[in-house]
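Here is a short briefing to read with the model open beside you. Take your time and look up each residue as it comes along.

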Amino acid sequence: MTVNLVLIIVIGVTFACGVTLLLERSLTRIVVGTLLVGNAVNLIFIVASGAPGRAPIVDESDPSPMSDPLPQAMVLTAIVITLGVAAFLLALAYRSWQLEGHDEVQDDVEDRLIMRLADLDEASQSYEEGAGDPDEEGADPAEAER
């Protein structure tokens, strides 16, 4: 079996563009990236399935090789899953647009605080040194004394 080099290049470019769009902040770009990655994975399934053959379970007297129906079934399932994820992301983007007027994903306040504490190399105020730390076996020392 010979693999079509142009198809492999198209798969690589589609996958790379999809991953690049997934790393963006805009939810609409994330949706397009999800769709591109889903299509690239579906093409990978089809290329990996092998050479086309005759339809499976039809005319058993024909000695030519049958095509494998499993990759095709997996692609159909992947299409449904990709459409479901895309619909969910579109609903998130639409709701974000309704509430904030844009669909850009913002950083969480707690994430910013943790990043700032990590940069300063400090522990947060809610952490108490030695209070409630588990011992070597994983048991709480306060419960072991009871």
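**The chain as a whole**

In the protein chain, 50% of the contacts between residues at least 6 apart in sequence join residues at least 24 apart; a contact here means heavy atoms within 4.5 Å. The model is a predicted one, where local features need pLDDT of at least 70, side-chain atom pairs count only at pLDDT 80 or more, and totals for chains, interfaces and linings use all residues. Residues are numbered from 1 along each chain as its sequence is written, and side-chain values use heavy atoms, with hydrogens and water left out.

**Overall make-up**

- The secondary structure of the protein chain consists of five helices and zero strands. Both kinds of element are DSSP runs numbered from the N terminus: helices are H or I with at least four residues, and strands are E with at least two.
- Read from the N terminus on, the order of elements is α-α-α-α-α.
- Of the 146 residues in the protein chain, 18% count as buried. Buried means under 20% relative accessible area, exposed means over 50%, and partly exposed is in between (1.4 Å probe, protein chains only).
- The accessible surface of the protein chain is about 11200 Å², and 63% of that belongs to carbon and sulfur atoms. Such areas come from the Shrake-Rupley method with a 1.4 Å probe; for residues, only the protein chains shown count as cover.

**How helix 2 meets helix 3**

- Two packed helices are described by the angle between their axes and the distance between the axes.
- Helix 2 (residues 27–48) packs against helix 3 (residues 69–100) at an angle of about 180°, and their axes are 9 Å apart. Because of this angle, helix 2 is roughly antiparallel to helix 3. Angles under 35 degrees count as roughly parallel, over 145 as roughly antiparallel, 65 to 115 as roughly perpendicular and the rest as oblique.
- Sorted by class, the contact of helix 2 with helix 3 has 17 nonpolar, five polar and no charged residues. Ala, Val, Leu, Ile, Met, Phe, Trp, Tyr, Cys and Pro count as nonpolar, Asp, Glu, Lys and Arg as charged, and the others, Gly among them, as polar.

**Residues to find in helix 2**

- Thr34 lies in helix 2 and counts as buried, at 16% relative accessibility. Leaving aside neighbours within four places in sequence, Thr34 is in contact with Leu22, Thr82, Val85 and Leu89.
- A polar atom of the Thr34 side chain lies 2.8 Å from the backbone oxygen of Ile30.
- Val41 also belongs to helix 2, and this residue is partly exposed, with a relative accessible area of 29%. The C-alpha atoms of Val41 and Thr14 are 9.4 Å apart, although 27 residues separate them along the chain.

**Residues to find in helix 3**

- Pro69 sits in helix 3 and is partly exposed, with a relative accessible area of 42%. Its C-alpha atom is 8.4 Å from that of Ala55, 14 residues away along the chain.
- Gln98 is in helix 3 too, and counts as partly exposed at 44% relative accessibility. The side chains of Gln98 and Arg95 make a polar contact of 3.1 Å. A polar contact is a pair of N or O atoms within 3.5 Å; within protein, one must be able to donate a hydrogen and the other to accept it, and residues adjacent in sequence count only if both atoms are side-chain atoms.

**A residue in a loop**

- Ser26 is in the loop between helix 1 (5–22) and helix 2. Is Ser26 buried or exposed? Ser26 is buried, with a relative accessible area of 16%.
- Not counting residues up to four places away in sequence, Ser26 touches Asp103 and Glu104. The side chains of Ser26 and Asp103 are joined by a polar contact of 3.3 Å.

Conventions
Axes are lines fitted to C-alpha atoms, for helices over the stretch in contact, and angles run from 0 to 180 degrees between N-to-C directions.
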